[in-house]
Amino acid sequence: MPRRPYRRAGGGPPAEPAGAHRPFETAPLHRPPVWFFDLDNTLHDASHAIFRAIDGRMTDFVQRYLEVDLEHANQLRLTYWRRYGATMLGLMRHHAVDPHHFLRETHDFDVAALLRAERGLARLLALLPGRKVLLTNAPGAYADEVLRALGLHRRVLARYAIEQMRVHRTFRPKPSRGMLRHMLARERVPKGRAVLVEDSAVNLRAARAVGFRTVLVTRHSRTLARPSRAGYVGLRVRSVLELPRARSRLRG
Ligand SMILES: [Mg+2]
């Protein structure tokens, strides 16, 4: 019987600009890095079904909470997404929405039933030298559920979800450079030893600017812009499973 690449049965976020960045040095990594892993579309295929589930619940939340029709709800979401990088931030600022209430309602579904991921992730994390940290703009309860369903909850003990990405009581999710700098300090990672593994080029660009090494993961992302030679991408892989072999090519 052919081996299926995924455990279970497959939508996604937008694109990114190009711009100034620090040139890469060729210095290889002599000591194990600290790996900061994004979650959605990096460790699993959120575009398969999970993003659709969240998206539908967000639009539904906006309709109910603000008592607007579907078209208006979609327009508001797009406006807030463009202006603040997240629907939630716009709802908090303009409509006094409680972020925890919003996150709970929009992620209230059976994660395991919709999850699709590659096999071998637990083994990958065991093989990869260096500490692993989760850095996701998703809520903590959802992130925990995904990690558990992937069998990674014991492999990734340091976890930063959107609730922890606050600076002066304001949410500063990726790609906030201030938050990324704060994470380096909080995890006590020396410059050049932190690696961000991500599907989002916008996030990688910001991370690179504050001193992370960067790995672009392309397999699950449905976004159109996929920089292959962008200066802020230190290594491009299709799947995180390539990391143990490809990490020697990681530029710093
Ligand atoms: Mg992602």
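## The sheet

Six strands line up in an open, parallel sheet, and the order across it runs S3-S2-S1-S6-S7-S8. At the edges sit strand S3 (158-160) and strand S8 (235-237), each of which pairs on one side only. Going from one strand to the next, the twist averages 20 degrees. This is a predicted model, by the way.

For a look inside the sheet, take strand S6 (residues 194-198) and strand S7 (residues 213-217): they run parallel and are joined by four bridges. Val195 has Arg213 of S7 as its bridge partner.

## The overall tally

Stepping back, the protein has 10 helices and eight strands. The chain has 252 residues, and 41% of them count as buried.

## H1 against H2

Packed helices come down to two numbers, the angle between their axes and the distance between those axes. For H1 and H2, the angle is about 110 degrees and the axes are 9 Å apart. Angles of 65 to 115 degrees count as roughly perpendicular, so that is the label for H1 relative to H2. The crossing of H1 past H2 is right-handed.

Who does the touching? On the H1 side there are Met58, Thr59, Val62 and Gln63, while H2 brings Leu70, Ala73, Asn74, Leu76 and Arg77.

## H2 against H3

H2 also packs on helix H3 (residues 87-95), at an angle of about 100 degrees and with the axes 7 Å apart.

From H2, the contact takes in Arg77, Thr79, Tyr80, Trp81, Arg83 and Tyr84; from H3, it takes in Thr87, Leu89, Gly90 and Leu91. Here the H2 and H3 contact residues split into five nonpolar, three polar and two charged. Arg77 turns up in the list for H1 with H2 and again in the one for H2 with H3.

Most residues other than glycine have a negative phi, and most peptide bonds are trans. A few spots here go the other way. Asn41 has a positive phi, near 65 degrees, and belongs to the loop between strand S1 (34-37) and helix H1 (50-66). Is Asn41 buried or exposed? Asn41 has 25 other C-beta atoms within 10 Å, and the cut-off for buried is 20 or more, so Asn41 is buried.

Glu67 has a positive phi too, near 55 degrees, and its place is the loop between H1 and helix H2 (70-84). Glu67 counts as exposed because it has 9 C-beta neighbours inside 10 Å, and 12 or fewer is what exposed takes. As for peptide bonds, the one from Lys174 to Pro175 is cis, with omega near 10 degrees. Pro175 lies in the loop between strand S5 (170-171) and helix H8 (177-186).

Asp108 is in the loop between helix H4 (99-106) and helix H5 (111-114). With 12 other C-beta atoms within 10 Å, Asp108 is exposed. Along the chain, Asp108 and Tyr142 are 34 residues apart, and their C-alpha atoms are separated by 8.5 Å.

Conventions. Residues numbered from 1 in each chain as written. Predicted model: local features only at pLDDT ≥ 70, side-chain atom pairs only at ≥ 80, totals over all residues. Helix = DSSP H or I, 4+ residues; strand = E, 2+ residues; numbered from the N terminus. Axes fitted to C-alpha atoms, helices over the stretch in contact; angles between N-to-C directions. Parallel < 35°, antiparallel > 145°, perpendicular 65-115°, else oblique. Left-handed = near helix turned anticlockwise from the far one by under 90°. Contact = placed C-beta atoms within 7 Å. Pairing = 2+ DSSP bridges. Nonpolar A, V, L, I, M, F, W, Y, C, P; charged D, E, K, R; others polar.
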